[in-house]
Every structure is written in C-alpha cells, then in structure tokens.
Amino acid sequence: MTSLIGSNVVRSDGEDKVRGAAVYAMDFAEARTLHAQLLRSPIAAGRIRSIDTTRAAALPGVRAIVTAADVPSNTSGWILKDQPIFAREEVRFIGEPIAAVAADTPEQAAAAVAAIELDLEPLQALTDFDAALADGARLIHPDWESYAMLVPAPRDGNVAWESTLDKGDVDAAFAAAHIVVEDEFVTPRQHQSPIEPHAVAAHFEQGRYVVYSCTQYPFLCRDRLAEWLGVSPSAVRVIATTIGGGFGGKIDALLEPYVCVLARKTGRPVRLVNSRREELQTAGPRENARIRIRSAVSAEGEILAQESENLMDNGAYSGEIVACSSVPALIFGGTYRVPTARHRTRVVYTNTPPTAAYRGVSGPYCMFALEQHMDHIANELGIDRRDFRMQNVHQAGESTTNGQVLSDAIYPEAFARVDEIAPWAQATADQQAGPLRGVGIAAVTWLTNPGPGGATVKVNEDGTVTIVSAGAEIGTGAMVTGVRQIVAEELGVSIESVILAPTDTDTGTYDGGAQGSRTLFSVGNAAKMACENVREQLLETAAGLLEAAPEDLELVDGHVGVKGSPQARVPLAAVAQTALYTGGPISATGKHVTPPVPFDAGCMTGALFTGFTTASYHVHQAEVEVDPDTGKVTILRYVVAQDVGVAINPQQIEGQIHGGVLQGVGYALYEDLRVEDGVVLDGSLEHYRLPTAFEAPPIDIALLENPTPNGPFGAKGAAEPSILPVASVIASAVSQAIGKPIRSLPITPFEVLRALNDETESLAAAAPSPTR
C-alpha cells in the first residue's frame with residue numbers, strides 16, 4: 001500500500017463546497033427561527049442616560065428585546081475579563097451592542113431597533129495612542145483594577161497590558177557601538193474579511209444553550225458564553241458549522257451571547273448574521289501599531305544590542321491582543337542574534353472597535369519593522385543586505401534573546417534554496433539595470449501554536465473509521481485531509497474510509513482551537529496516539545480469527561493480515577464485528593499537549609507567548625518594479641522557502657502559502673481599515689481594498705522537510721507562517737527600487753509618489769529617535 005503521508009489527497013468537504021451543498025452558519029435555520037438584530041452605539045464614548053424599548057416592543061412581529069438589564073452583569077474575556085454582553089453604564093466604541101431584538105423577520109427586527117429610544121451623554125473619545133496615554137487622560141475603564149486576569153501582568157489605567165524583555169547591559173552595549181541605527185514604523189488595521197461574516201444560531205432546550213456557530217475555537221466560545229451567562233460550561237453546547245473562512249477573526253465569541261439570551265427569553269431558535277458593514281466596523285481586525293526600534297552595531301556588522309518601544313491598539317475591550325504583547329520581543333530576537341536587548345510593549349485601550357487575531361497575529365508588522373531596520377543598518381554599513389542577514393541569522397543550536405535554544409534551525413538551507421530559485425546576484429543586477437526595480441529578502445522564526453487537543457478514533461462495523469474531535473476545519477484542510485491521512489496511514493485503510501464526525505463540544509474532547517497552525521499538529525498527534533491503541537485492539541481480536549500471534553499481524557488495505565502471507569487476512573469489518581461480542585467495540589482516545597519551551601524566565605514580564613513552540617524557519621524574497629509616473633508597484637516574482645517539518649499533504653500546504661502570501665500582499669500594498677475619530681470609514685469591500693487574483697504574484701515554493709520529533713510523522717504547523725515576511729520583503733524591494741525608506745503601510749501609489757518627490761530622505765538618512 002502506498003504511503004498517504006506526502007500525498008495530495010482530495011478534501012472530503014470539497015464537492016459539497018463546490019456544489020453549494022455545504023451548510024454554513026449563515027445558512028443555518030431551524031423551524032420557527034426568529035431573526036435578531038443589534039442596537040449599536042452611534043458614538044465612540046458616552047454615558048447611557050436612558051433606554052426605552054416600549055415603542056419598539058409593540059411593533060408587529062417583535063418577540064423580545066433585551067438590554068443590560070436583562071442579563072448578568074458578568075464581564076468576560078479570554079485573557080483579561082473586561083467585556084460585558086451589553087454596554088451597561090457607558091459605551092466605549094461606535095458599534096458597541098446596547099440592545100438586541102428578536103422578531104419574525106429581519107425587516108421587523110430592523111424596524112424595532114430603529115424604534116428604540118436611546119439617550120446618550122457624549123464623553124471625550126480617546127481614539128489614538130497619544131490621546132489615551134496623555135498625562136491626566138480620562139480612563140476608558142474606570143474600574144480597570146477590578147478585572148480578573150488569566151495571568152498577572154503589569155497594567156495601568158489605559159494600558160490594558162504591558163510586556164517587557166530585559167536582557168544584559170543594554171546601555172553599555174549602546175555606548176560601545178560603532179553605529180546606532182534608529183527607526184520608527186506605523187502600521188494600520190487589517191481586516192480578515194472572510195467570505196462568510198460572523199453568523200450564529202441558538203436554541204434553549206432541557207436547561208441548556210445549544211449554539212451553532214462558525215467559530216474557530218468551539219470550547220473557548222462555550223466557556224466565554226458560560227462566563228457571560230453565569231452558568232456552568234456544561235450548560236452550553238457549541239456545534240461548529242461549515243466555516244467560510246476565519247483567519248483568526250472567529251477565534252473568540254462575538255455574536256453568540258445575544259442569540260442565547262434571546263432564545264431563552266422567547267423559547268424559540270434565534271439567528272443573527274453580521275452585515276458586511278457590521279463585519280468591517282465591529283468584528284475585530286488586526287491591530288494598528290507603532291514601533292520604535294534602535295540597534296547598536298559593531299563595525300563588522302554584528303548586532304550588539306537592541307531596544308524597542310512598541311504600542312498595540314487594543315480598542316475598547318481586550319481580546320487576543322493582550323496575549324500577543326510579547327510577540328515583538330520574540331520576533332526581534334528570534335531570527336537574528338541579539339545578545340542584549342530591552343523591549344517594552346504596551347497594549348493600549350482606545351475608544352475604537354476592539355482588535356483581534358489575524359493570521360500571524362502581531363508578527364507581520366513586527367517583521368515589517370525589523371526587516372526595514374535591518375536594511376537600514378546594512379545600508380549604513382555598506383554591506384549587502386542578504387550578506388548582512390546571513391552573517392547575523394541564528395544557526396542550529398544557538399539561543400534567541402530570551403534564551404530559547406533553536407536546535408533545528410535551518411537558515412543556511414533556506415537561504416540557499418531561495419537563491420537556487422531566484423539568485424540574489426542576478427536580482428540585484430536586474431535592479432541596477434532596470435527602471436525602478438528592487439529586490440527584498442527576509443527571514444523569520446515562527447511557532448506552532450501550543451494548546452491541548454484530543455481525538456477519539458473508532459472502527460465501525462463496516463470497516464470504516466470515524467474520528468471524533470472538536471478540532472474545527474476552517475478551510476486549511478488540516479482536518480479534512482491531514483488528520484484523515486494520519487489515521488488512514490496508521491490503520492492501513494483508504495482515505496475514503498476515514499470519516500470526520502461533526503465538531504461538537506458535547507462529543508469531542510477539549511481542543512485549543514483552529515489557530516496558529518496547531519490543528520493538524522495537535523489533533524494529528526492525538527489521533528495518532530488513539531490509532532496506536534486501536535491498532536492493538538484490532539490485532540488482538542484478529543489474532544483469534546487468523547490463529548496467529550498479534551505481533552505477526554499487520555494492517556494493510558483495510559484488512560488485518562499475516563505478515564508474509566498475503567492470502568491469510570481478514571477484513572476490518574469482520575474484525576470490528578467480532579470485537580463487539582468478544583472485547584467490545586473498538587475505539588480509543590488520544591490526547592496531546594505541547595511541552596513548554598525552556599527559556600530565561602527572568603528576562604520577561606507579562607508574556608503569555610514566551611518562545612517558539614515547535615519552531616519553524618522561513619525565508620522569503622520578492623522582486624518588484626515601480627512605475628515612476630503612477631506609483632504602482634508590480635510584484636515580478638515571489639519566492640518562499642518554508643520549513644514544514646514533514647509535508648503531510650504538499651498541495652494543501654502550497655495552497656496555504658499562496659493564500660498567506662496574497663493576504664500579505666494586501667497588507668503591504670492595499671489594505672488599511674481606516675479609523676478617524678473612532679469612526680470606521682470602510683463599510684464595504686468596495687471601499688476596503690482587498691487584493692484579488694489579478695494582484696496575485698507568481699510564487700515559487702520550496703517546501704523544506706525538517707522533521708520534528710514532537711509532530712505527527714514529523715510535521716510542523718504550516719498554514720500561518722507564509723503571511724509573516726510578505727510586507728517586509730515587498731517594502732524592502734520597493735525601498736530599494738525608489739531609493740527611499742518605507743516606514744508605514746500600506747505602500748499605496750500615493751505613498752510611493754510622495755516618497756519619490758521627497759528630496760529630504762534617502763536610504764542612508766537619519767531616522768526619528770525613539771522616545772521612552
């Protein structure tokens with residue numbers, strides 16, 4: 001039997017999706033389902049003087065209206081528990097839910113929302129870093145000290161979270177430096193914009209909330225609902241529907257509490273779907289950020305020390321971003337040698353919509369800042385940019401700034417593979433010969449997200465195999481191809497014989513969510529463990545049927561057979577049926593948790609991510625051409641060398657790389673979710689510019705096999721890393737093409753023309769000094 005590991009098997013959900021038969025959350029409706037809509041705050045900050053629902057409740061078709069008065073006063077949150085279900089005394093961002101309506105039709109629900117009488121007293125809106133951090137600034141959360149936290153961390157007023165890394169004598173290193181290079185970078189919000197907006201349905205039965213959601217993390221959704229509603233987690237059941245994309249934006253709960261409250265009050269199922277405007281304006285995007293970084297460098301090009309001051313916009317409430325506050329420190333010291341460093345990152349409350357995870361979380365803008373900074377250093381020293389990176393990049397066995405040993409780093413191979421595909425010497429020669437052409441290169445170390453996972457594998461009486469897990473399939477293929485391939489390989493059955501049970505918190509063991517490339521890694525490990533137990537049961541049962549010792553048997557082609565005797569075998573169906581009345585049904589449950597990464601704990605505070613779990617290593621290179629008349633940037637070529645551990649399904653990984661690169665292209669050149677005075681200006685995909693297939697560059701991919709002993713068959717997480725270096729290499733290439741530094745995103749034609757016409761700056765010009 002040919003191994004399924006490394007094979008490009010077909011997705012089990014592909015045909016239903018292509019034919020339009022897949023049922024997404026926005027399609028889901030039960031009999032007698034009511035339609036919900038939310039009354040949202042029209043101002044960024046204000047006190048609620050009064051809310052009157054009398055007239056709205058009397059309108060035709062209206063079945064229920066709920067406000068903060070109808071729900072527990074509990075606040076909730078994944079890391080920092082500062083989120084109410086409804087605004088209670090104050091509103092903190094435009095779009096914050098104040099009331100929810102359930103009616104017979106969407107139109108009746110909308111009419112009722114419009115009829116609610118709301119009186120707000122405006123407060124000063126603090127909508128940017130400077131306003132929120134100013135001396136004497138109004139507290140966005142006056143009760144900030146009362147909020148519970150998952151782990152302790154430094155916090156103060158409008159600083160929701162602070163994370164630091166302090167290693168060695170930074171001041172002495174800067175004093176001894178040959179040169180000190182300083183830069184400041186600003187990046188915008190980027191919206192995930194999955195084709196399916198947030199959508200949810202729920203009903204209340206037998207004292208429990210049953211929720212149908214397009215969530216990436218069913219158990220987090222369950223636990224957040226229980227916290228908000230004041231019930232036990234077992235009183236909430238979350239069933240994940242087919243998911244029309246998430247990219248991190250559907251990790252945390254968003255609309256689920258409103259349908260739960262309305263379903264219980266009405267006794268009927270309730271559904272709620274975000275409009276595209278609501279999705280863009282209230283469903284958390286990647287945070288905007290400001291990074292100030294400086295490095296001390298020797299005359300030979302060795303980085304002696306680094307210091308940074310980083311601000312991340314939390315918005316009005318805390319989601320995943322507080323957990324990512326240590327990402328800048330990890331990125332800045334995780335790829336290139338930086339023995340001494342001082343980094344501070346503050347996550348800041350503002351009166352803007354809350355921000356959330358997006359593929360690569362805070363990594364893409366940290367990479368953008370770091371790699372432009374690396375270019376700046378190389379230009380100051382007169383060193384070739386690729387050579388400078390090769391000189392400073394981590395080798396296998398070296399330690400990151402925070403003391404993690406990168407035992408399997410493969411950067412020399414990654415740089416070499418990129419150079420085989422698109423030689424740097426040729427690209428730089430083309431840059432010098434062509435009109436406004438440039439090339440950029442970057443390297444990044446990244447992680448496979450940790451977290452617990454589990455899977456039950458059972459052999460059915462017809463010889464098929466079912467996987468029961470709470471791992472969500474969000475389109476990556478991790479569940480519908482990768483985990484199925486692992487189980488099929490372990491049990492010697494065809495891929496068609498492996499069935500995925502629906503994702504359900506009632507039936508699946510706890511899973512840490514489809515995030516950070518962890519699904520195949522974690523669920524795959526758990527499923528592989530379960531298969532080892534199932535294999536033992538199959539061989540023990542079949543030993544009696546074949547009159548052979550279990551150790552003389554093997555699983556192959558859907559049969560248990562005697563090794564070396566092809567005719568002596570019995571179908572799995574017969575083995576499963578026999579087991580029913582001898583040892584019982586054949587099934588087993590496996591579990592997995594990623595072991596912690598050793599690091600120097602004494603140098604970090606407020607860090608939830610303290611290292612690169614199951615680290616992987618990547619190099620990207622881009623060649624661009626800039627039109628001097630229009631400022632348009634054209635990507636001529638893009639190259640990716642990606643460490644995948646072992647490629648379970650190469651085609652699916654390559655698809656993820658293409659998708660990640662295109663999202664990175666959007667971040668680099670097009671996307672900017674504009675917020676002015678607390679108002680999100682972009683309300684449709686006509687205004688929020690996403691890259692299309694026409695902007696997709698030609699991409700050459702080298703999958704680097706670098707097996708990890710911790711992964712199933714040596715696999716590492718593969719879906720997330722491809723977005724991380726994209727903006728940085730495109731910015732580097734554009735910068736080289738136009739001879740001007742790039743310090744903000746996106747690099748629109750207007751920004752390119754502005755830079756070309758700015759005679760005050762060049763690539764060797766001094767940059768703003770960081771302030772502390």
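Contact here means heavy atoms within 4.5 Å, and every legend below describes a predicted model.

**View 1. Helix H10 packed against helix H18.** In this predicted model, Met367, Phe368, Glu371, Gln372, Asp375 and Asn379 of H10 are in contact with Ala727, Ser728, Ala731, Ser732 and Gln736 of H18. Sorted by class, the residues of this contact comprise 4 nonpolar, 5 polar and 2 charged. The two helices, H10 spanning residues 363–381 and H18 spanning residues 726–738, pack with their axes 8 Å apart and at an angle of about 35 degrees, and the crossing of H10 with H18 is right-handed.

**View 2. Helix H9 packed against helix H10.** H10 also packs with helix H9 (residues 327–334), where the two axes come within 9 Å and cross at roughly 45 degrees, and the pair is therefore oblique. H9 passes H10 in a right-handed crossing. On the H9 side the contact is made by Val327, Pro328, Ile331 and Phe332, and on the H10 side by Gly363, Cys366, Met367 and Leu370. The residues of this contact divide into 7 nonpolar and 1 polar, with no charged residue. Met367 of H10 is listed in the contact with H9 and also in the contact with H18.

**View 3. Helices H14 and H15.** The axes of H14 (residues 478–491) and H15 (residues 519–546) come within 9 Å and cross at roughly 25 degrees, which makes H14 roughly parallel to H15, because angles under 35 degrees count as roughly parallel. The crossing of H14 and H15 is right-handed. From H14 the contact includes Ala478, Met479, Gly482, Val483, Ile486, Val487, Glu490 and Leu491, while H15 contributes residues including Thr519, Leu520, Val523, Gly524, Ala527, Lys528, Cys531 and Glu532, together with Val534, Arg535 and Leu538. Taken by class, the contact of H14 with H15 has 12 nonpolar, 3 polar and 4 charged residues.

**View 4. The cis peptide bond at Pro746.** Leu745 and Pro746 are joined by a cis peptide bond, with omega about -5 degrees. Pro746 lies in the loop between H18 and helix H19 (749–757). Most residues other than glycine have a negative phi, and most peptide bonds are trans.

View 5. Gln206, a residue other than glycine, has a positive phi near 50 degrees, and it is placed in the loop between strand E9 (199–205) and strand E10 (208–213). With a relative accessible area of 79%, Gln206 is exposed. Phe247, which is not a glycine either, has a positive phi of about 55 degrees and is found in the loop between strand E11 (236–240) and helix H7 (256–266). Phe247 has a relative accessible area of 30% and is therefore partly exposed.

**View 6. Phe694 in its loop.** Phe694 is located in the loop between strand E30 (679–680) and strand E31 (699–705), where a relative accessible area of 80% makes the residue exposed. The C-alpha atoms of Phe694 and Leu756 are separated by 26 Å, the two residues being 62 residues apart along the chain.

**View 7. Confidence along the chain.** The protein averages a pLDDT of 96, and 99% of the residues score at least 70. Over residues 765–772, however, pLDDT stays under 50, and for this stretch the model has 22 contacts beyond four places in sequence.

Definitions and conventions:
Residues numbered from 1 in each chain as written. Predicted model: local features only at pLDDT ≥ 70, side-chain atom pairs only at ≥ 80, totals over all residues. Heavy atoms only, no water. Axes fitted to C-alpha atoms, helices over the stretch in contact; angles between N-to-C directions. Helix = DSSP H or I, 4+ residues; strand = E, 2+ residues; numbered from the N terminus. Parallel < 35°, antiparallel > 145°, perpendicular 65-115°, else oblique. Left-handed = near helix turned anticlockwise from the far one by under 90°. Nonpolar A, V, L, I, M, F, W, Y, C, P; charged D, E, K, R; others polar. pLDDT = per-residue confidence, 0-100. Buried < 20%, exposed > 50% of the residue type's maximum accessible area, 1.4 Å probe, protein only.
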